[in-house]
Amino acid sequence: MQIIFLLIGIIGLVMFVFGIKTLIKNYRNEIISELKLTENEINFQKIGTYSISVVGGGYANNLVNFETQITHNETKLNTIEKNLKFKFHYKGRLATEFYSFEIENLGIHKIFIKNIEDLEVKESMLVSKRLFQKKLPIEKIGLIVKETSSSSKFIIGLLMTVFGINISIWGIILTFNPQLIG
């Protein structure tokens with residue numbers, strides 16, 4: 001019986017390690033470029049998932065027509081507004097992942113920002129504070145492109161970390177105290 005509990009503890013430890021590895025990889029995503037608020041050219045050197053992030057506030061919302069278009073050799077790439085808008089710090093300011101897109105072809109891509117005035121950015125992500133805040137002026141808003149991973153990978157990494165540590169601790173406790181089960 002104790003060997004089974006020990007195996008459960010080891011399995012939990014492996015889950016924890018893989019979960020932490022995923023979270024650290026997500027945390028260390030590389031910033032590719034800062035964007036001007038009009039037209040940009042970026043040379044992507046890796047295939048993968050990237051995001052356009054709004055720097056300056058904890059809350060970002062597309063009011064009406066804010067749009068980002070990315071083209072490579074006149075082929076338009078699909079940009080998707082993220083449902084889970086993860087927050088991070090960039091140069092001491094809060095940033096919010098807003099759009100995500102896939103790079104499948106390496107090389108220079110053009111990024112066009114349209115209707116930036118329709119982007120609502122506020123400092124606080126709390127609804128109760130946001131009600132009383134004004135929209136940040138465009139001069140205080142920045143845009144960056146960074147590597148990202150899908151929301152599902154982040155959630156799976158988080159769940160594996162939490163459940164992995166829990167399972168491993170219970171497995172080790174029950175290895176040395178099997179009488180706790182009954």
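Two strands count as paired if DSSP finds at least two bridges between them. With that in hand, I opened this predicted model and went strand by strand.

**Entry 1: the open sheet.** I started with S2 and strand S10 (residues 107-114), which are joined by six bridges and run antiparallel. Isoleucine 42 sits opposite histidine 109 of S10. Next I looked up the sheet around this pair. Four strands make up an open sheet, in the order S2-S10-S5-S6, with antiparallel pairing. Why is one side of strand S2 (39-44) and of strand S6 (75-77) left without a neighbour in the sheet? Each of these strands stands at an edge and has a single partner strand, so one side of each has no neighbour there. I also noted the twist, which averages 30° from one strand to the next.

**Entry 2: strand S9 and its partners.** Is strand S9 (residues 93-103) mostly covered or mostly open? Mostly covered, I found: of its 11 residues, eight are buried. I then listed pairings of S9.

- Strand S3 (residues 48-55) pairs with S9 over eight bridges in the antiparallel sense; here tyrosine 50 has phenylalanine 101 of S9 as its bridge partner.
- Strand S7 (residues 80-81) is joined to S9 by two bridges, and the two run antiparallel; isoleucine 80 is partnered by serine 100 in S9.
- S8 pairs with S9 over four bridges, again antiparallel; the bridge partner of phenylalanine 88 is alanine 95 in S9.

**Entry 3: the largest pocket.** I looked for open space next and found that the largest pocket has a volume of about 330 Å³. Which residues lie nearest its centre? They are Asn26, Tyr27, Lys87, Phe88 and Lys146, out of 15 lining residues. H1 and strand S8 (87-90) are the elements that give two or more residues to the lining.

**Entry 4: helix H3.** Last, I checked helix H3 (residues 151-176). Its 26 residues reach 38 Å from first C-alpha to last, close to the 38 Å expected at 1.5 Å a residue. Which residues of H3 are buried? I noted Ser151, Gly157, Thr161, Gly164, Ser168, Gly171, Leu174 and Thr175. Helix H1 (2-27) is included in what covers the buried residues of H3. H1 also contributes two or more residues to the lining of the largest pocket.

Technical notes
Residues numbered from 1 in each chain as written. Predicted model: local features only at pLDDT ≥ 70, side-chain atom pairs only at ≥ 80, totals over all residues. Heavy atoms only, no water. Expected span 1.5 Å × (residues − 1). Buried < 20%, exposed > 50% of the residue type's maximum accessible area, 1.4 Å probe, protein only. Contact = heavy atoms within 4.5 Å. Axes fitted to C-alpha atoms, helices over the stretch in contact; angles between N-to-C directions. 1 Å grid on protein atoms, 1.4 Å probe; cavity = no way out; pocket = protein on both sides within 12 Å on 5 of 7 lines; lining within 4 Å. Points joined across faces, edges and corners; volume = space filled by probe spheres on them.
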